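I opened my notebook to get to know a fold that is new to me. Here is the model I looked at.

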Amino acid sequence: MNPEQMYQEIILEHYREKLNSGLREPYQVEVHHVNPSCGDELTLRAQLDGNTIADISYHGEGCSISQASTSVMSDLLIGRDVTDSLALHDEFLEMMQSRGKAEPDEDRLGDGIAFVGVSQFPARVKCAMLGWSAARDAILRAQAENA
């Protein structure tokens, strides 16, 4: 299996088995994000425990890319330090803006590397970023509440 096929399979797997899908309580912050270019929508809840992301849950409607990317993001960020989570967001964003030229760090991005191929299609980058942007927003709001 070539890498492109493997990446497509990872995306489809996360779309079928959406990790952390379904809004859960308790939560500290809830955000709602919409991708205006395609209509994908996402409601995301985040709960911090000090400087650790204790939980992320979501309900989304949209394409397989936005749903799979949100699944990957939630799996990567739960249990992670806030500062490292925000850095991971930036790494994913950099990969998504690379137009397929990035060589992502699999140790850092895990299944997120599957989206490097998506980055070749600018119209789909917003789809892949929807969950990541919502998580960043929720984390920053939760931090502000805690301050």
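This is a predicted model: local features need pLDDT of at least 70, side-chain atom pairs count only at pLDDT 80 or more; totals for chains, interfaces and linings use all residues.

Entry 1: I began with His 33, which stands opposite Leu 42 in S2. Residues are numbered from 1 along each chain as its sequence is written, and side-chain values use heavy atoms, with hydrogens and water left out.

Entry 2: My terms here: two strands pair if DSSP finds at least two bridges between them, while helices (H or I, at least four residues) and strands (E, at least two) are DSSP runs, numbered from the N terminus. S1 and S2 form a hairpin with 6 residues between them. Gly 39 in that turn has a positive phi of about 95 degrees.

Entry 3: Two pairs went into my notes: Ala 46 stands opposite Ile 56 in S3, and Gln 47 stands opposite Asp 55 in S3. This hairpin has 2 residues between its strands, and Gly 50 in the turn has a positive phi of about 65 degrees.

Entry 4: In what order do the 3 strands lie? I read S1-S2-S3, in an open sheet with antiparallel pairing. Strand S1 (29-34) and strand S3 (52-61) are the edge strands, each pairing on one side only. The twist averages 20 degrees from one strand to the next. Then I checked what lies across S1, S2 and S3, and it is helix H5 (residues 122-146), running at about 150 degrees to S1. Axes are lines fitted to C-alpha atoms, for helices over the stretch in contact, and angles run from 0 to 180 degrees between N-to-C directions. Contact means heavy atoms within 4.5 Å.

**Entry 5: two crossing helices.** I turned to helix H1 (residues 3-16) and helix H2 (residues 64-77), whose axes come within 8 Å and cross at roughly 80 degrees. That makes H1 roughly perpendicular to H2 (65 to 115 degrees counts as roughly perpendicular). On the H1 side I listed Ile 11, His 14 and Tyr 15, which meet Ser 64, Gln 67, Ala 68, Ser 71 and Val 72 in H2.

**Entry 6: stepping back.** I counted 5 helices and 3 strands in the protein chain. Along the sequence, they follow the pattern α-β-β-β-α-α-α-α. The C-alpha atoms fill a box of roughly 45 × 30 × 25 Å, taken along the principal axes.

**Entry 7: the record.** In an unreviewed entry, UniProt lists residues 6-127 for "domain: NIF system FeS cluster assembly NifU N-terminal"; such annotations may be inferred rather than shown by experiment. Over residues 6-127, I noted 41% helix and 20% strand, with the end C-alpha atoms 20 Å apart.

Terms used
Angles under 35 degrees count as roughly parallel, over 145 as roughly antiparallel, 65 to 115 as roughly perpendicular and the rest as oblique.
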